[in-house]
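What follows is a report for a reader who is new to this structure. Please look over the sequence and the 3D view before going on to the text.

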Amino acid sequence: MHLRRLLAPVAVAFVPLAASAAPAGAVQADNLVITCTAGATQYYDPGLTLTDRPTHISASATYSCVGGGAVNSAQLSFDYTVEAGCLPTTSPVTTGITRLDWNQGADSEITSTFVVTRPVGQTVATTVGTVTSGQFLGYIVNQTGVYPALDLLACAAPGGVTSSQGILSLTLTQPF
């Protein structure tokens, strides 16, 4: 009888703690790692040519994800302006903000640093950052986009290359 009287208030004392563990509207991940993949098309304005010049690059993609529980897809969009061209050049490190619109729960804003390299003519964009607001706050973000080598004949044309298709991979890892 004494044990029952003691446990009831203790159990009630833990309810508010458990209820406040996650922000309202948050979707909890099944794992400490969420992985996503997508096909994407990047658009270049003006088109990429044999000479670097300020270029507006934009893209959007729908990721398919695993490890996020009910969160199994996200819409990614970005646009930025950098010096870009078809030929391999030294790419400066650039910082920016990306938004992931999840299929459930709050969207995530990611502050990241990215660099673009061109090994063997391919375009490889590597991004490292952190979720700075929204769902999965504090998670570490690694994203890679791989686009095939550009057609150098199209690069030599007056309009240049105005788009390319590639594969994106995204990993969100909960920090310890």
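Leaving aside neighbours within four places in sequence, S112 is in contact with T94, T95, G96, T98, T127, V128 and G129, where contact means heavy atoms within 4.5 Å. S112 itself lies in strand β5, and with a relative accessibility of 5% this residue counts as buried; buried means under 20% relative accessible area, exposed means over 50%, and partly exposed is in between, as found with a 1.4 Å probe and protein chains only.

This is a predicted model, in which local features need pLDDT of at least 70 and side-chain atom pairs count only at pLDDT 80 or more, while totals for chains, interfaces and linings use all residues. Residues are numbered from 1 along each chain as its sequence is written, and side-chain values use heavy atoms, with hydrogens and water left out.

## Overall layout

The protein has two helices and eight strands, and from the N terminus on its elements run α-β-β-β-β-β-β-β-α-β. Helices (H or I, at least four residues) and strands (E, at least two) are DSSP runs, numbered from the N terminus. Of the 176 residues in the protein, 34% are buried. Among contacts between residues at least 6 apart in sequence, 59% join residues at least 24 apart. The accessible surface comes to about 9,900 Å², and 62% of this surface belongs to carbon and sulfur atoms; such areas come from the Shrake-Rupley method with a 1.4 Å probe, and for residues only the protein chains shown count as cover.

## Strand pairing

Two strands pair if DSSP finds at least two bridges between them. Strands β3 and β4 pair in the antiparallel sense over four bridges, and here Q75 has D101 in β4 as its bridge partner. Strands β4 and β5 also pair in the antiparallel sense, over seven bridges, with E109 in β5 as the bridge partner of R99. The hairpin of β4 and β5 has five residues between the strands, and in this hairpin G105 takes a positive phi near 80°.

## Aromatic pairs

A search of the whole structure finds four aromatic pairs. Rings of Phe, Tyr and Trp (its six-membered ring) pair if their centres lie within 6.5 Å, and planes under 30 degrees apart count as stacked, over 60 as edge-to-face and the rest as tilted. Two of the pairs are set out below.

| Pair | Centre to centre | Angle between planes | Class |
|---|---|---|---|
| Y80 and F114 | 4.8 Å | 50° | tilted |
| W102 and F136 | 5.2 Å | 75° | edge-to-face |

F136 has a positive phi of about 65° although it is not a glycine.

T173 lies in strand β8 (residues 161-173) and is partly exposed, with a relative accessible area of 25%. Leaving aside neighbours within four places in sequence, T173 is in contact with L32, V33, Y139 and I140. The C-alpha atoms of T173 and T35 are separated by 8.7 Å, although these residues are 138 residues apart along the chain.

F176 has its place in the segment after β8, and at 90% relative accessibility this residue counts as exposed. Together L32, V33 and F176 make a nonpolar surface patch of about 360 Å². Patches are made of residues with over 30% relative accessible area and no salt bridge, with like charges joined within 9 Å and nonpolar side chains (Val, Leu, Ile, Met, Phe, Trp, Tyr) within 5 Å; a salt bridge is a side-chain nitrogen of Lys or Arg within 4 Å of a carboxyl oxygen of Asp or Glu.

## A cis peptide bond

The peptide bond from D45 to P46 is cis, with omega near 0°, and P46 lies in strand β1 (residues 33-48).
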